[in-house]
Amino acid sequence: MEYGPDDQVERDAPAAPFQQLAGILRARVKRGDWKPNRAMPSENALADEYRLSRPTVRRAIAVLAEEGLVYAVSGRGTYVAEQEPEAPTPSG
């Protein structure tokens, strides 16, 4: 399922909360909510915002890190990675 940047985590949805949050954060990164090489909100801040536990937030961020969308700096936080421009789709 595709998630938008303004979606909320739904407890009764078929996808696990960390998967939903990963989709929401992915959409926020792609929308440009956080600039490349700038810190995202802390795990605690995201846990408060989405009413989730820190381990759930950490797991969602790990998904984004595996995809290369974010990277962690020890003792500093999670940062948005430089994004490759999307390739234009061929027309017609």
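**A helix pair in its chain**

Guide: In this predicted model, the protein chain reads α-α-α-β-β along its sequence, a pattern made up of three helices and two strands. The radius of gyration is 14 Å, close to the 12 Å that the globule rule gives for 92 residues, so the protein chain is as compact as a globular protein of that length. Its C-alpha trace spans about 45 × 35 × 20 Å along the principal axes.

Within this chain, the part to examine is the packing of helix H2, residues 43-50, against helix H3, residues 54-66. Their axes lie 9 Å apart and meet at an angle of about 110°; because angles of 65 to 115 degrees count as roughly perpendicular, H2 and H3 are described as roughly perpendicular to each other. On the H2 side the contact is made by Glu 43, Asn 44, Leu 46 and Ala 47, while H3 contributes Arg 54, Val 57, Arg 58 and Ile 61. Sorted by class, the contact of H2 with H3 holds four nonpolar residues, one polar residue and three charged residues.

Among the contacts in the protein chain with a separation of 6 or more, 47% are accounted for by residues 24 or more positions apart.

Methods:
Residues are numbered from 1 along each chain as its sequence is written. This is a predicted model: local features need pLDDT of at least 70, side-chain atom pairs count only at pLDDT 80 or more; totals for chains, interfaces and linings use all residues. Side-chain values use heavy atoms; hydrogens and water are left out. Axes are lines fitted to C-alpha atoms, for helices over the stretch in contact, and angles run from 0 to 180 degrees between N-to-C directions. Helices (H or I, at least four residues) and strands (E, at least two) are DSSP runs, numbered from the N terminus. Angles under 35 degrees count as roughly parallel, over 145 as roughly antiparallel, 65 to 115 as roughly perpendicular and the rest as oblique. Contact means heavy atoms within 4.5 Å. Ala, Val, Leu, Ile, Met, Phe, Trp, Tyr, Cys and Pro count as nonpolar, Asp, Glu, Lys and Arg as charged, and the others, Gly among them, as polar. The radius of gyration is taken over C-alpha atoms; the globule rule is 2.2 Å times the number of residues to the power 0.38.
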